Amino acid sequence: VSQSRTAARFVGAAVLLTALFFGVGLQYVDAQGGYAGLSPRFLATVVTIGLTVCGLLIFLRKDSVFSESEDAATAIHTNARFKRLAILVGGLVAHLLAIGLIGFVIASGFLMAIVAYAYGNEKFLRNLSIGIAIALPIWALFTQVLGLNLPIFPLLNVLKI
Amino acid sequence: MMDVVSAAMSSLAGGFASALTPINLIWALAGCFIGTAIGVLPGIGPALTVAMLLPLTAKVEPASALILFAGIYYGAMFGGSTTSILMNTPGESATMVTAMEGNTMAKYGRAGPALATAAIGSFVAGTIATILLSLVAPAAAQAALSFGPAEYFMIMLLAFTTVSSVLGSSALRGLCALFLGLGIGLVGIETTSGTTRYTLGIPELYDGLDIVIVAVGLFAVGEALYNVLYLQPAATINKMSQVKMSASDWKRSVPAWLRGSFIGFPFGLIPAGGAEIPTFLSYATEKKLSKHQEEFSSNGGKGAIEGVAGPEAANNAAVTAALAPLLTLGIPVSSTTAILLAAFQNYNLQPGPTLMQTSGPLVWTLIASLYIGNVMLLVLNLPLVGIWVRILRIPTPLLYGGILIFSTLGAYSIRQSWFDLLTLLLIGLLGLAMRRFGFPTAPVIVGMILGPMAEKQLRNALSIAQGDWTVFVTRPICLVILVVILSVLILPKIFSKKPS
């Protein structure tokens with residue numbers, strides 16, 4: 001129960017912080033009501049009040065209703081799991097930073113290899129090729145058939161300039 | 001009445017004669033095929049595809065082009081359910097409920113029945129809705145004209161209440177998720193006043209957060225992040241034991257298809273949020289009526305087939321019905337029907353009450369093509385069920401790699417911006433936290449989509465009533481909806497207090 005209360009406190013505080021964000025932002029929202037007497041600030045105020053009430057109710061909960069999901073409760077919290085999560089998040093960050101330089105196809109190849117690595121499959125080069133093999137037809141479909149702009153290797157254009 | 005029906009039947013027969021010509025059949029097949037392929041890809045919806053194919057109107061006959069566009073429109077709805085069920089990546093906001101329940105079924109080895117009930121349900125609902133469209137469209141659309149902003153606002157309030165109190169195991173967490181969704185929906189330029197809200201001075205946020213990014217982030221990226229932390233070595237994912245629907249699956253699906261069809265159709269007729277509200281309402285209805293409560297994913301179960309069958313039927317019925325206000329009133333009720341309106345205008349045709357008189361054969365050809373498209377889509381999709389479920393045999397590391405490639409593609413293809421990928425990641429982390437602490441994600445999406453619309457309708461209603469809030473209880477339809485809202489809130493509490 002005490003672990004559950006700690007979780008409730010943590011989640012309640014997070015919700016209250018979100019409410020604070022919307023509350024502080026209220027001052028930058030136009031308060032002119034118009035014919036309806038309803039300004040753009042109205043819904044923002046409703047959201048702020050709603051989140052504050054929900055956050056307080058969660059924060060102050062004393063029962064054990066606020067337990068984590070079953071998978072989470074039964075899982076063993078080892079450092080290895082969090083290391084895997086960090087690799088996955090790192091892979092996504094690297095992908096968003098690199099896609100503008102190396103293009104969708106190669107970036108997707110690396111994303112596949114890093115995600116698979118995080119999930120325990122360490123055949124990096126094989127997974128890199130699988131990722132490229134998946135991304136290439138998608139790139140062809142989007143650029144050649146649907147006419148969307150997905151540069152294959154934008155760095156080349158940068159270097160030409 | 002009989003005269004009206006026989007006139008409609010006669011016109012429909014003429015429509016079939018035109019739609020069944022070989023060239024129009026080829027256009028219909030092409031539309032269904034392209035639509036299914038597009039529905040499978042997250043991030044690129046039917047509206048964008050029809051918009052990209054609009055230049056065809058300069059070269060192709062009006063009937064052929066409109067048949068192609070209608071096929072894309074329908075096919076995208078069929079295709080959207082496939083990836084929702086198999087990969088938890090809804091390509092369309094209306095298939096989010098399918099993702100919730102269908103993906104859980106897939107994880108427990110029942111991807112086949114989930115895909116089959118979605119395909120057959122879409123066919124049943126599409127056919128029922130097309131028949132209703134043929135018979136009652138003009139009258140029904142006229143009736144929808146009596147709805148004002150106050151009624152639309154109350155319908156949206158009903159959707160908020162139902163979604164936050166019925167989905168998920170706790171009303172408090174549901175409400176919290178709803179307010180979060182409403183808050184996310186606030187970001188961007190407010191359309192009525194033109195003022196910006198919560199954009200933090202970042203230009204990319206002026207247009208607001210894209211619904212595809214938020215949906216894919218919460219569902220697909222959130223799940224990939226969650227499973228890397230918590231997936232058990234002997235996890236149930238990738239299990240594939242059943243391909244066909246059992247007798248019990250049929251027994252549970254048929255009533256859900258019919259209920260879903262009749263929930264979806266009226267919502268398609270009115271401009272109150274497209275197919276999202278009826279899919280969520282259908283899910284809530286099925287969850288209330290089901291004798292298998294323990295199977296619903298929101299109750300920690302293995303996925304209930306009626307939770308896929310009903311919403312899929314509601315989705316397709318609403319999508320079909322949405323053509324009624326477009327054809328008879330010239331009012332587009334979704335982004336795709338808005339593009340279809342542009343297609344009509346490219347041919348110097350103005351949808352509205354006079355369209356039936358001036359271009360009756362064209363309208364009836366389009367309606368006949370919907371019947372044909374429905375059959376084509378069922379024939380295309382059912383044999384593919386066995387092939388689609390093999391996707392689940394892919395090893396988990398590669399499956400999640402593929403899911404994240406599709407997810408990032410969905411976000412990046414919108415405007416080729418790294419900012420959208422960053423937003424996707426942040427929303428994914430939010431999804432991880434919400435799953436970790438048992439918050440339902442559907443209310444976030446509903447709040448985000450309907451929040452700005454509800455705000456606009458509330459403002460319009462109060463402007464017309466000169467600031468008088470009693471308008472929401474003095475108008476009869478509003479009052480009825482208010483009673484339904486109060487029932488949704490109060491009745492479950494009364495019943496839950498009764499000793500079992």
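Reply: A crossing is called left-handed if the near helix is turned anticlockwise from the far one by less than a right angle, and right-handed if clockwise. This is a predicted model, in which local features need pLDDT of at least 70, side-chain atom pairs count only at pLDDT 80 or more, and totals for chains, interfaces and linings use all residues. Residues are numbered from 1 along each chain as its sequence is written.

Me: Why are H2(A) and H8(B) called roughly antiparallel?

Reply: Helix H2 (residues 41-59) of chain A and helix H8 (residues 171-186) of chain B pack at an angle of about 150°, with their axes 9 Å apart. Angles over 145 degrees count as roughly antiparallel, and H2(A) and H8(B) are therefore described in that way. H2(A) passes H8(B) in a left-handed crossing.

Me: What makes the contact of H2(A) with H8(B), by class, nonpolar, polar or charged?

Reply: Contact means heavy atoms within 4.5 Å, and among the residues that make it are A:Leu51 of H2(A) and B:Phe179 of H8(B). Ala, Val, Leu, Ile, Met, Phe, Trp, Tyr, Cys and Pro count as nonpolar, Asp, Glu, Lys and Arg as charged, and the others, Gly among them, as polar. By class, this contact has 15 nonpolar, two polar and no charged residues.

Me: How do you know that H11(B) is roughly antiparallel to H12(B)?

Reply: The axes of helix H11 (residues 276-289) and helix H12 (residues 306-321), both of chain B, come within 8 Å and cross at roughly 150°. That angle makes H11(B) roughly antiparallel to H12(B), and their crossing is right-handed.

Technical notes: Chains lettered and ligands numbered in written order. Heavy atoms only, no water. Axes fitted to C-alpha atoms, helices over the stretch in contact; angles between N-to-C directions. Helix = DSSP H or I, 4+ residues; strand = E, 2+ residues; numbered from the N terminus. Parallel < 35°, antiparallel > 145°, perpendicular 65-115°, else oblique.
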